[in-house]
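Here is a short tour of a predicted model, written for someone who likes to check contacts and distances. Have the viewer open as you read.

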Amino acid sequence: MSRYVMDHTARLGAHCQIGYHVIIHNDVVIGDHVSIADTAIVFAQTKIGAGCHIGPSCALGKLPFTATSSLPPLQLAHDVKVGAGVILHAGSHIEEGAWVDDLSVVGDSVTIGAHSRIGRAVTIEGNASIGQRVVIQSGAHLSEGITLADDVEIGANATLFPGIRVGAKAHIGAGAVVMHDVGAGKIMVASPAQKNGSIP
């Protein structure tokens, strides 16, 4: 008896390590040197690039309950790291070298830029765009339609309201509640967030 279940239409690259009780649905494509830990589920048509690491009990490519139409498949570029218990919804794209830490939830139609770091238990609702080298600390909540430019940092437990745009190299402090757009290089702190200068 096999330790994991893989649909016959799925393609598995060379030198992959698949844990126990993993379920891989139809038309999934998995690159070379990928590791998927125990009890993960990879939903239909998900594409996982070479060198990715998927932690235990993850759900990759899941359709959200609110989906009213078909979404494109989830795509992970090469060398993406996904922690334990993470949910990545269909329609999203995670670029190379990004890291999504344990227990985070990424909604549908979200782009996470290259080499970004998403902390533990972060929630990113749908239709969000996150630039390259962005750091989002643990417990942050990004509402639907958020846009973060490159090199932004979001502090722990910060909350961003729907549709907020944050400019390049801006910094949102821990626990801040952001209800308006934040310009490039700005620092926002407090709740509700107040402008507190610029980053040189």
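Arg133 is partly exposed, with a relative accessible area of 40%. In this predicted model, Arg133 makes a salt bridge with Asp151, and the closest N and O atoms are 2.8 Å apart. Asp151 is partly exposed too, at 29% relative accessibility. Where do the two partners sit? Arg133 belongs to the loop between strand S20 (129-130) and strand S21 (135-136), while Asp151 belongs to the loop between strand S23 (147-148) and strand S24 (153-154), so the pair ties together parts that are 18 residues apart in sequence. If you search the whole structure, one salt bridge is what you find.

Arginine turns up again in a charge-over-ring arrangement: Arg3 lies over the face of Tyr20, at 5.5 Å from the ring centre. How many aromatic pairs does the structure hold? The count is zero.

Ser104 lies in the loop between strand S15 (99-100) and strand S16 (105-106), and with 0% relative accessibility Ser104 counts as buried. Setting aside neighbours within four places in sequence, Ser104 is in contact with Gly85, Val86 and Ile87, and also with Ile118, Gly119, Arg120, Ala121 and Val122.

Ser35, by contrast in setting, has its place in strand S6 (residues 35-36). Ser35 counts as buried at 17% relative accessibility, since the value falls under 20%. With neighbours within four places in sequence left aside, the contacts of Ser35 are Gln17, Cys52, His53 and Ile54.

| Side chain | Partner | Distance |
|---|---|---|
| Ser35 | side chain of His53 | 2.6 Å |

Finally, step back to the sheet. Which strands form it, and in what order? Nine strands make an open sheet, ordered S2-S5-S8-S11-S14-S17-S20-S23-S26, with parallel pairing. Strand S2 (11-12) and strand S26 (165-166) are at the edges with a single partner strand each, so one side of each has no neighbour in the sheet. Strands of a sheet pair through backbone hydrogen bonds, in either a parallel or an antiparallel way.

Technical notes. Residues numbered from 1 in each chain as written. Predicted model: local features only at pLDDT ≥ 70, side-chain atom pairs only at ≥ 80, totals over all residues. Heavy atoms only, no water. Pairing = 2+ DSSP bridges. Helix = DSSP H or I, 4+ residues; strand = E, 2+ residues; numbered from the N terminus. Phe/Tyr/Trp six-rings, centres within 6.5 Å; stacked < 30°, edge-to-face > 60°. Lys NZ or Arg CZ within 6 Å of the ring centre and 35° of its normal. Salt bridge = Lys/Arg side-chain N within 4 Å of Asp/Glu carboxyl O. Buried < 20%, exposed > 50% of the residue type's maximum accessible area, 1.4 Å probe, protein only. Contact = heavy atoms within 4.5 Å. Polar contact = N/O pair within 3.5 Å; in protein donor to acceptor, adjacent residues only side chain to side chain.
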